Amino acid sequence: MTEPRAIAERELCGLVNGLAQQIADHVRERAVALGLTAAQATALRELTGPMTMRELAERMSCEPSNATFVVDKLEKQGLIERRAHPTDRRAKHLVLTEDGTALRERLLELLTRDSPLAGLNPKEQRVLQGLLEQAIVPGAGRRG
């Protein structure tokens with residue numbers, strides 16, 4: 001009885017990994033079209049409002065030191081600013097500049113075009129999201 005379950009799990013893992021690779025390739029291709037690295041595109045996509053480096057790193061699934069490297073590059077390009085945190089004087093808030101906001105909007109537009117998830121309607125995407133959230137163990141699978 002364990003063998004069929006192991007086969008099903010292996011096949012499911014293969015599908016999840018295949019989808020993850022398609023999404024990564026999609027992000028990388030769109031990033032290159034805008035003169036960004038995949039990590040820079042991910043940072044811009046995840047920067048939905050002012051947040052700390054730690055919050056951004058968590059959203060990017062990486063260590064804060066890696067996010068800092070990416071943010072340094074985006075800051076040098078004039079796309080992100082570090083501002084004083086409103087309640088924590090030790091922390092900085094990352095905020096998109098006007099140019100950063102415009103580039104983020106272009107990026108989001110490109111990412112939704114021909115997305116690997118485009119074959120799923122919005123309801124199916126929500127179901128998939130729910131199933132993945134249910135399957136993911138908190139804190140597991142973090143990349144560094």
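Visitor: In which sense do strand β1 (residues 80-84) and β2 pair, and over how many bridges?
Guide: In this predicted model, strands β1 and β2 pair in the antiparallel sense, with five bridges between them. Two bridges are enough for strands to count as paired, so the five found here qualify β1 and β2 as a pair. One of the residues involved is Arg83, whose bridge partner in β2 is His93.

Visitor: What makes strand β2 (residues 92-96) largely enclosed by the rest of the structure?
Guide: The strand has five residues and four of them are buried, so β2 is largely enclosed by the rest of the structure.

Visitor: Why is Leu94 called buried?
Guide: Leu94 lies in strand β2. Its relative accessibility is 1%, and buried means under 20%, so Leu94 counts as buried.

Visitor: Which residues is Leu94 in contact with, leaving aside its neighbours within four places in sequence?
Guide: Its contacts include Leu47, Gly49, Pro50, Met51, Thr52, Met53 and Leu56. Val71, Ile80, Glu81 and Arg82 are also in contact with Leu94. Of these, Val71 is 23 residues from Leu94 along the chain, and the C-alpha atoms of Val71 and Leu94 are separated by 8.5 Å.

Visitor: Why does Glu46 count as buried?
Guide: Glu46 is in helix α2 (residues 38-46). Its relative accessibility is 17%; the limit for buried is under 20%, so Glu46 counts as buried. Leaving aside neighbours within four places in sequence, Glu46 is in contact with Met51, Leu56 and Arg59.

Visitor: How do you know that His26 is buried?
Guide: The relative accessible area of His26 is 7%, and values under 20% mean buried, so His26 is buried. His26 belongs to helix α1 (residues 2-33).

Visitor: Which residues does His26 touch, not counting residues up to four places away in sequence?
Guide: His26 touches Leu110, Leu111, Arg113, Asp114, Ser115 and Pro116. Arg113 is 87 residues from His26 in sequence, while their C-alpha atoms are 9.6 Å apart in space.

Visitor: Is Asp114 buried or exposed?
Guide: Asp114 has a relative accessible area of 64%. Exposed means over 50%, so Asp114 is exposed. Asp114 is placed in the loop between α5 (98-112) and α6 (122-135).

Visitor: What is the phi of Asp114?
Guide: Phi is about 55 degrees at Asp114, a positive value although Asp114 is not a glycine. Most residues other than glycine have a negative phi.

Visitor: Where does Ser61 lie?
Guide: Ser61 lies in the loop between α3 (53-60) and α4 (64-76). Ser61 is not a glycine, yet its phi is positive, near 60 degrees.

Visitor: Why does Ser61 count as partly exposed?
Guide: Its relative accessibility is 28%. Partly exposed covers values between the 20% limit for buried and the 50% limit for exposed, so Ser61 counts as partly exposed.

Visitor: How many disulfides does the count come to?
Guide: The count comes to zero disulfides. A disulfide needs a pair of cysteine sulfur atoms within 2.5 Å.

Visitor: Why is Cys13 called partly exposed?
Guide: Cys13 has a relative accessibility of 39%. Cys62, at 10% relative accessibility, counts as buried, because the cut-off for buried is under 20%.

Visitor: How many helices and strands does the secondary structure of the protein chain come to?
Guide: There are six helices and two strands. From the N terminus on, the order is α-α-α-α-β-β-α-α.

Visitor: How many of the contacts in the protein chain between residues at least 6 apart in sequence join residues at least 24 apart?
Guide: The share is 51% of those contacts. Of the 144 residues in the protein chain, 28% are buried.

Visitor: What does the C-alpha trace of the protein chain span along its principal axes?
Guide: The trace spans about 60 × 35 × 25 Å. The accessible surface of the protein chain is about 10100 Å², and carbon and sulfur atoms account for 54% of that surface.

Visitor: How many positive and negative side chains does the protein chain have?
Guide: The protein chain has 21 positive and 20 negative side chains, with the centres of the two sets 4 Å apart.

Note on methods
Residues are numbered from 1 along each chain as its sequence is written. This is a predicted model: local features need pLDDT of at least 70, side-chain atom pairs count only at pLDDT 80 or more; totals for chains, interfaces and linings use all residues. Side-chain values use heavy atoms; hydrogens and water are left out. Buried means under 20% relative accessible area, exposed over 50%, partly exposed in between (1.4 Å probe, protein chains only). Helices (H or I, at least four residues) and strands (E, at least two) are DSSP runs, numbered from the N terminus. Contact means heavy atoms within 4.5 Å. Accessible areas come from the Shrake-Rupley method with a 1.4 Å probe; for residues, only the protein chains shown count as cover. Lys and Arg count as positive and Asp and Glu as negative; His and the chain ends are not counted. The place of a charge is taken as NZ of Lys, CZ of Arg, CG of Asp or CD of Glu.
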